[in-house]
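Hi everyone, thanks for coming. Let me put the model up on the screen, and then I'll walk you through its contacts.

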Amino acid sequence: MSHGAARVFARAWLASLCLLAVAALSHPARAADAALIAAAKKEGQLTWYTTQIINQFARPAAEAFEKKYGIKVNYVRANSNEVALRVLNEGRARNMQADVFDGTTATASLKKEGLVAKWLPDNVSRLPKEYVDQEGYWVATNLYVLTPGYNTELVKKGSEPRTFQDLLDPKYKGKLVWNSTSSSSAAPGFVAVVLASMGEEKGTAYLRELAKQNVAGLAVAARQVLDQVIAGEYAIALNIFNNHAVISAAKGAPVDWIPMQPALGVLSVISVTKDAPHPNAGRLFLEFLISEEGQKIYRAADYLPVDPNVPPKDLSLRPDGEKFKVVFKTPEEIDREMPRWTQLYQSIFR
Amino acid sequence: MTTEWTANNERELVEDRSLRRFLPQDERVIFALLLGVVFAALVLPPLFFLAKGALTVTADGVTRFSLERFTRILAERGIWTSALNSVLFALGSAVLAILIGGVNAWLVERTDTPFKPLAYLTTIISLGTPYVLYTSAWLLLLARSGPINSWYREVTGETGVLINVYGLGGMILIEGLLWSPLVFLLLGSTLRNFNPELEEAARMSGAGTFDTIRRITMRLSLPSILALAMLVFIRSIEAFEVPALVGLPGRVHVLTTDIYDLMHRTMPPDIGSASTLSLVLLGVVAVLLYYYGRMTRNAEKFATITGKSFRPNKLALGWMRYPAAAILVLNFLLLLVLPILILVWASLLPFYQTVRSSAFRLLTFENYARVFESDRYLYLLGNTFLIAIVTATVVMSLTAVAAWLTVRRVPGAKALDQLGTVPLVFPGIVLGVGVMQLFLQVPIGIYGTIWIIVWAFVINYLPYGTRYSFAGMLQVHRELEEAAAISGASPFTGFRRVVMPLLAPSLIAGWLFIFLLATRVLALPVLLSGPSSQTMAVAMFDLWSNGQGPELAALGLLWSLAMTTIALIFYFFARRSGVGMYGQA
């Protein structure tokens with residue numbers, strides 16, 4: 001290092017120390033933030049691989065962040081599988097493009113591959129502990145609650161099935177539908193919740209009874225299954241995201257969801273990638289989404305925020321643990337147990 | 001191959017010794033070689049990743065050779081039933097597509113049936129419509145809650161259904177309809193450039209109209225028919241959306257839906273399983289190609305564009321014109337009017353409802369307003385167009401030369417044809433992952449740009465280009481180039497000045513087809529697009545996976561309108577150049 005450069009470096013270092021000290025004195029709790037913000041601004045941009053719908057959430061969130069920090073968010077939208085494939089291939093080729101990625105199940109396997117950074121912002125401490133990875137690799141941004149949903153023209157409101165046993169009524173034969181793929185928002189997710197609430201033996205016996213109802217299985221996303229119910233092709237979808245029913249019902253669609261006990265809860269989690277090209281901007285963005293400000297964007301999009309202080313627009317959507325119970329499955333549990341649930345589904349329903 | 005070529009050459013020499021001087025084979029061989037390198041660079045890397053995915057397993061960080069995936073797939077429950085269903089489905093779809101497309105092409109090109117423009121309109125618009133939109137349109141029409149079944153219930157008071165679309169029959173119907181415009185387009189260009197002498201000879205020898213069609217017209221179109229049947233067969237074996245939406249509710253499983261299940265049982269998706277199935281498929285296709293190659297070995301027999309000028313005669317149908325016109329109108333209704341109507345209906349609703357009076361109060365233009373308001377679509381349009389134009393141009397340029405070299409039996413050129421057909425067996429996701437891995441490891445900076453999508457598309461559409469060029473090339477008799485050679489033209493001048501213009505209708509048809517395909521295919525762009533290379537397909541996929549069907553219908557219809565305009569312009573030019581070249585009316 002030349003003499004001049006060393007002097008510039010020393011000055012910059014001193015200046016940043018002073019800045020830090022001032023920041024620390026004025027806002028003790030925000031000390032880390034100031035350094036992070038400065039480093040993030042220097043990077044100027046970040047790339048976010050997301051499973052969130054662009055016009056509902058990805059774009060508003062990116063715009064809010066850009067407005068606040070002046071850091072550009074490049075988002076790429078794909079479903080969980082594709083996000084996982086991209087991160088996996090980029091990581092293996094040591095050419096990581098993504099700084100931040102989200103999804104419901106991909107994180108667990110990418111963690112095993114060593115492609116997820118072990119980093120969480122301080123603001124996660126205010127969240128319920130089941131929403132934060134104990135090992136420190138991910139934090140949930142929002143919840144999905146999976147319940148049955150039904151067409152209110154084909155099944156009159158008030159007469160809808162309220163319990164698992166109700167679904168065995170012969171009048172529903174051939175009118176039930178679910179997603180047949182290996183996903184938590186598909187038949188295996190329903191299998192999981194039945195096993196969790198009834199136990200292995202009773203649960204399996206129940207599923208055998210349910211198989212007699214000729215449940216139609218579609219290899220499409222849960223959202224499309226619900227759309228078929230709205231269109232009237234089937235009366236009841238067994239395992240849908242309950243906020244989807246609310247979003248559609250708000251537009252006037254003849255659909256509602258059933259708070260069947262217990263429901264399956266799935267976390268949409270977010271992480272910073274290992275070897276991210278813009279690690280600080282990525283971290284700042286993650287922190288932003290978890291902050292109260294970020295959580296309000298989820299709320300505005302009719303999603304279920306994880307922040308206890310940001311209630312969802314429709315309060316009944318969120319399980320309260322008393323009247324509406326939910327079995328939560330972490331990404332790790334889903335990753336581990338999915339093959340078993342799928343196996344059981346295949347052997348009983350195919 | 002070499003012996004065959006030598007034999008050919010000997011014959012030429014015997015026929016006309018002086019020709020040998022004008023047709024230096026080696027110059028074309030160099031071109032064949034260069035083109036071979038390009039084809040190999042395109043096709044082999046994904047093929048390598050395919051084989052690697054299928055034949056290796058990785059445990060604890062160690063990758064080793066294994067046939068485990070094959071045994072696992074063979075042990076899947078009901079895999080043989082699925083395989084049988086796949087074959088029945090593909091066969092049925094191919095036959096239906098050839099039947100509908102073929103009958104229409106013959107009526108339009110070779111008879112005096114009225115209402116011909118309807119057939120072109122149907123084809124052009126349907127080629128411009130995204131598949132996901134088309135499939136859902138027919139499903140909406142034929143579903144249990146669809147208009148046909150609801151009206152049946154209203155009229156008869158029954159509670160059941162008139163048509164049960166969920167099953168093998170429904171799958172074949174929708175897939176066959178989906179592919180018939182392609183058949184129409186390609187068979188049409190074959191039939192249009194037909195030398196009528198042989199048909200006239202048959203008729204003069206006392207053959208009736210029917211016999212002439214069966215023994216002359218059909219036989220001469222055989223290479224095109226077979227090529228198309230094979231294309232539709234392979235694409236249907238790989239089809240996913242129709243089996244998933246139409247087959248599964250009726251408990252009809254096929255290989256693709258099984259493999260989808262298998263792939264998604266683990267996270268991230270198990271590409272190896274998909275690769276294994278593709279490898280099996282590759283074997284099947286290789287066998288099919290072998291027989292196809294044998295059938296078209298004596299390609300000259302099928303050459304119908306010769307040095308003699310001709311005017312394909314149009315059969316006067318007499319009173320049969322009316323039933324013939326009815327077929328064209330029916331096709332128009334089935335392929336165009338009904339799907340478009342139901343899509344227009346869907347696009348005017350805030351959420352999808354079947355056609356009924358109570359839903360009329362919901363009608364709104366909100367979906368269209370949302371499409372027009374979003375400035376994002378304009379940017380997506382630019383990207384999508386650029387990708388499609390470059391892809392179509394590259395593919396048709398490469399395959400035109402390849403087809404010429406292949407049909408003229410230049411040594412080694414047969415391999416070009418085979419290489420060009422291999423990508424037919426890549427499922428979208430396997431090809432996407434292969435290309436992705438290639439450019440992550442070869443850092444020339446195209447990962448995450450639109451050029452990686454172009455690269456994948458060129459590979460993906462090479463088989464279509466190959467078929468279009470090959471079928472066109474088969475019709476051009478070598479005597480035309482030989483005439484050019486005798487007049488002192490080099491083989492390439494001959495190609496450029498004689499073959500290319502004659503090939504133009506096929507090339508333009510192929511270009512158009514690839515252009516339209518590249519603008520509407522979902523799987524590849526969704527996997528390969530980066531932050532600055534989003535395409536229309538990604539936006540459509542987003543709407544589709546988010547249950548915004550009505551907005552998708554609105555966007556799709558506007559999109560189809562734009563595409564149709566482009567398609568019409570091109571078709572007009574293609575026809576005009578055709579008029580100039582063949583003196584056809």
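Before we start, one definition: a residue is called buried under 20% relative accessible area, exposed over 50%, and partly exposed in between, using a 1.4 Å probe and protein chains only. Please keep in mind that this is a predicted model, where local features need pLDDT of at least 70 and side-chain atom pairs count only at pLDDT 80 or more, while totals for chains, interfaces and linings use all residues. As for bookkeeping, residues are numbered from 1 along each chain as its sequence is written, chains are lettered from A and ligands numbered from 1 in the order in which they are written, and side-chain values use heavy atoms, leaving out hydrogens and water.

With that in hand, look at A:Asp227 and A:Arg223, which are both buried. Their side chains form a salt bridge, 2.7 Å from N to O; by salt bridge I mean a side-chain nitrogen of Lys or Arg within 4 Å of a carboxyl oxygen of Asp or Glu. The two residues are 4 apart in helix H8 of chain A, so about one helical turn separates them. Helices here are DSSP runs of H or I with at least four residues, strands are E runs of at least two, and both are numbered from the N terminus.

Let's move to chain B for another one. B:Arg321 pairs with B:Asp112, with the closest N and O atoms 4.0 Å apart. B:Arg321 sits in helix H15 (residues 321–347) and B:Asp112 in the loop between helix H5 (79–110) and helix H6 (116–127) of chain B, so this bridge ties together parts 209 residues apart in sequence. Both ends are partly exposed: B:Arg321 has a relative accessible area of 27%, and B:Asp112 comes out at 30%.

That loop between H5 and H6 of chain B also holds B:Thr113. Is B:Thr113 buried or exposed? At a relative accessible area of 3%, B:Thr113 is buried. Its side chain makes a polar contact with the side chain of B:Thr111 at 2.6 Å. A polar contact is a pair of N or O atoms within 3.5 Å; within protein, one must be able to donate a hydrogen and the other to accept it, and residues adjacent in sequence count only if both atoms are side-chain atoms. Leaving aside residues up to four places away in sequence, B:Thr113 touches several others, among them B:Leu107, B:Leu317 and B:Arg321; contact means heavy atoms within 4.5 Å.

One more pair in chain B: B:Arg408 and B:Glu481 form a salt bridge, with the closest N and O atoms 2.5 Å apart. The pair links distant parts of the chain, 73 residues apart, with B:Arg408 in the loop between helix H17 (376–407) and helix H18 (413–421) and B:Glu481 in helix H21 (residues 478–486). B:Arg408 is buried at 9% relative accessibility, and B:Glu481 is buried at 10%.

Now the domains of chain A. An automatic or database domain assignment gives domain 1 (3–143 + 268–311) and domain 2 (146–265 + 322–345). Their contact takes 14 residues from domain 1 and 8 residues from domain 2, and the centres, taken over C-alpha atoms, are 33 Å apart. Together they bury about 1000 Å², 62% of it on carbon and sulfur atoms; buried area is the accessible area (1.4 Å probe) that two parts lose on being put together, summed over both. The rule finds 2 salt bridges across this interface.

Finally, the two chains. Chain A puts 61 residues into their contact and chain B 55 residues, with about 4900 Å² buried and 49% of that from carbon and sulfur atoms. How many salt bridges cross between chain A and chain B? The rule finds 1. B:Asp258 and A:Arg350 meet in a salt bridge at 3.0 Å, N to O.
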